[in-house]
Amino acid sequence: MGKVNVEDNARKFIKQDDVHEAQHDKNLYNTIIKRGKVSSEIPEWEELRNLASQIKEHALTHLDHYIDQFATKAEENGITVHFAKDADEHNAIVFDILNSHGAKRIIKSKSMLQEECGMTPFLEERGIDVLETDLGERIQQLSDERPSHIVMPAIQKTTEDIAKLFADKIGTDPNDDDPHSLAEAMRNNARPKFLVADAGMTGANFAVAETGTFVVCTNEGNADLTASIPPLHIASIGIEKILPKVEDLGVFIRLLSRSALGTPATQYTSHFSGPREGSEMHIVLTDNGRSKRLSMDKFWHSLKCIRCGACMNTCPVYRRSGGLSYGATYSGPIGIILDPTFDEDTYSELPFHSSLCGSCTEICPVHINISDQIIEWRKVMMEKKKTPFGRRLAFAAADRMLGSATAFKMMEKTTYNMLNILPKSLLENSTLDPWVEDRELPDVKKETFRDWYKKNRKNND
């Protein structure tokens, strides 16, 4: 995979029409408004955030102990536990389980870990039919696209987009873009496939070391059907999802949906403690770079993420550029700090796809220092020369200029004169500077602030 050109990807989303960017921004802004309302109704909201952060930090700094405890308890409950060090092992284990049961048709609920591992194309290449049961994920699957958002995978699409997609893929009326009608059409298309599935796959929002139980939170009930109808249930769980105790769940359940969608709770919060009679349950505990990230002094706090997507909802860059512009499993601010841990070369441009406004850090329910980590990733990319030479040269020049008062004054005066002398066609050349493609430079004042300040301070003195 080549380096992600995030600017070009964002440009395609923004320039396609006058609808998608505005609608995307509006939808996400609405979730922030709702999040603010429901969180303000809980007096202990900040206390919950602090406690959640502390619990996650404790669990992560004692992760070896809690992994062992969780696996032991889960196996005592009749669950078969597998360990995968990376995506390849995860996929191989899943395929071996399915193959040993002769499973050719699987249904699955949304799992970012399975997406991260590229599991679906891996299985499809081996003759296994995979059906996404989450509505948003199914839309993206039919579109042959990645999820655009952690919680709302198809948030970048309009109802008109979905009507056309469903008409092409499942034969519905292309002129019927009513959301309820579209959801019903997909339900009628997918439900018969639930009944004939050989296996069901889920992820997990949380796993409890104390009991060997894992929890899946959904709003559609699809994960419950996925886990309950087929005779085989496989759950993919990242090792960072483990919490020490059952009582910890109360903190995170109260935070998760409020942070994600501005709702008090998900419609379904399902606890899985073992296989039902006559069925099998398997857990694939997966590392896939998490241990490596845990050893990274400046970046390990990203493992506290509970995948709520609040940082994406508030991010002015994500809201306007769309999730697919990041070219990765994880988009938005959390993607910026997660994706380079998988591949620094491919995702070297993502840390610069941020305004550094700090809103992501302010809103994170578990106090991840996202904006600080974005800055640190910028430093990594600059030091390792993974950014364009022109940018490194510009930053080096800025460093020298800003480090010297004399140099700064000279550059200020030179720039001021250039803005007055050079023709507007040259100054607003989008080929030389993409920033001006959709913007106009401000009018140049008759004097700089420095000159105005010196003149007025002298008079005052």
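Visitor: What should I keep in mind about the model and its numbering?
Guide: Residues are numbered from 1 along each chain as its sequence is written, and side-chain values use heavy atoms, with hydrogens and water left out. This is a predicted model, in which local features need pLDDT of at least 70 and side-chain atom pairs count only at pLDDT 80 or more, while totals for chains, interfaces and linings use all residues.

Visitor: OK, what's the strand order in the six-stranded sheet?
Guide: That open sheet runs β1-β10-β7-β4-β2-β3 with parallel pairing, where strands (E, at least two residues) and helices (H or I, at least four) are DSSP runs numbered from the N terminus, and two strands pair if DSSP finds at least two bridges between them.

Visitor: And which strands stand at the edges?
Guide: β1 (80-84) and β3 (129-132) do, each with a single partner strand, so one side of each is left without a neighbour in the sheet. The twist averages 20° from one strand to the next.

Visitor: How many bridges pair β4 with β7?
Guide: Strand β4 (residues 199-202) and strand β7 (residues 232-238) pair in the parallel sense over three bridges, and Met201 stands opposite Ile234 in β7.

Visitor: Which strands does α5 lie across?
Guide: Helix α5 (residues 87-100) lies across β1, β2 (105-108), β4, β7 and β10, running at about 145° to β1; axes are lines fitted to C-alpha atoms, for helices over the stretch in contact (heavy atoms within 4.5 Å), and angles run from 0 to 180 degrees between N-to-C directions.

Visitor: Switching to the four-stranded sheet, what's its order?
Guide: The order is β8-β5-β6-β9, with mixed pairing in an open sheet. Strands β5 (residues 206-208) and β6 (residues 213-218) run antiparallel and are joined by three bridges, with Ala207 opposite Phe214 in β6.

Visitor: What packs on that sheet?
Guide: Helix α12 (residues 246-260) does, touching β5, β6, β8 and β9, and its direction makes about 170° with that of β5.

Visitor: Different topic: is Asp339 buried or exposed?
Guide: Asp339, in helix α16 (residues 332-342), is buried, meaning under 20% relative accessible area with a 1.4 Å probe and protein chains only.

Visitor: What's the nearest side chain of opposite charge?
Guide: Arg146, 7.5 Å away, and Asp339 has no salt bridge, which would need a side-chain nitrogen of Lys or Arg within 4 Å of a carboxyl oxygen of Asp or Glu. For charge, Lys and Arg count as positive and Asp and Glu as negative, while His and the chain ends are not counted.

Visitor: So what is Asp339 in contact with?
Guide: Leaving aside its neighbours within four places in sequence, Asp339 is in contact with Ala328, Tyr330, Tyr347 and Leu350.

How values were computed
Buried < 20%, exposed > 50% of the residue type's maximum accessible area, 1.4 Å probe, protein only.
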